Structures are given as C-alpha cells and as structure tokens.
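This report covers side-chain contacts and helix packing in one protein model. The sequence and structure come first.

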Amino acid sequence: GDKSGARHYLNLALQMNPGDSRSLNNSGTLLFQEKQYEAAAKQLAHATSIDPDFGEAHLNFCSALGRL
C-alpha cells in the first residue's frame, strides 16, 4: 500500500486525537513494517496504556519488543 499516505493520515489523526488507541496501534504497526522497532514499541505501549483491553495492540507490542 501507500505507506507515505498512510503515515500522513495517521499523523493527522493523532494530531486531532493523540489519545486514540486505534490510531496509535495503526501508527505502531506501520513503524513496525518500516523496521523502526523501537519507535513502534513506544507507540504500541502507549496504545495499550490507553486501552488495556485492546488485544491487537498488546500482540503488536509484543512483536515489536521481540525485534529489539
């Protein structure tokens, strides 16, 4: 897909609502795909702290930690 476009719209979404766990998860997932594992882990940790019941974010966070 268009990772540049995705990054742009995720940044806009996070500017409008920095506490949106879904946008944080999506941003972290994109960072993971770009092999930016430390930044991904930070985004995903933030997502899980906001929504502790967000299982997908926890799984993605563990995946990112596994690459550090």
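The side chain of N25 makes a polar contact with the side chain of E56 at 3.4 Å; a polar contact is a pair of N or O atoms within 3.5 Å, where within protein one must be able to donate a hydrogen and the other to accept it, and residues adjacent in sequence count only if both atoms are side-chain atoms. The model is predicted, so local features need pLDDT of at least 70 and side-chain atom pairs count only at pLDDT 80 or more, while totals for chains, interfaces and linings use all residues. Residues are numbered from 1 along each chain as its sequence is written, and side-chain values use heavy atoms, with hydrogens and water left out.

N25 lies in helix α2; helices (H or I, at least four residues) are DSSP runs, numbered from the N terminus. N25 counts as buried because its relative accessibility is 1%. Buried means under 20% relative accessible area and exposed over 50%, with partly exposed in between (1.4 Å probe, protein chains only). Apart from neighbours within four places in sequence, N25 is in contact with L44, A47, F54, E56, A57 and N60, contact meaning heavy atoms within 4.5 Å.

Two helices can be set against their expected span, which is 1.5 Å times one less than the number of residues.

| Helix | Residues | Length | End-to-end C-alpha distance | Expected span |
|---|---|---|---|---|
| α1 | 3-16 | 14 residues | 20 Å | 20 Å |

In α3, the buried residues include Y37, A40, A41, L44, A47 and T48. These cover an arc of only 125 degrees around the axis, so they sit on the same side of α3; the arc is that of the directions from the helix axis to the C-beta atoms. The buried residues of α3 pack against α2 (21-33) and α4 (55-66). E38, K42 and S49 are exposed on the other side of α3.

Side chains of opposite charge can pair when their charged atoms come close. E38 forms a salt bridge with K42, with the closest N and O atoms 3.9 Å apart; the criterion is a side-chain nitrogen of Lys or Arg within 4 Å of a carboxyl oxygen of Asp or Glu. By this rule the count is one salt bridge. Both E38 and K42 lie in helix α3, four residues apart, or about one turn of the helix. An α-helix has 3.6 residues a turn, so residues three or four places apart point the same way.

In α1, the buried residues are G5, R7, L10 and L14. Their cover includes α2 and α3.

Key. Helix = DSSP H or I, 4+ residues; strand = E, 2+ residues; numbered from the N terminus.
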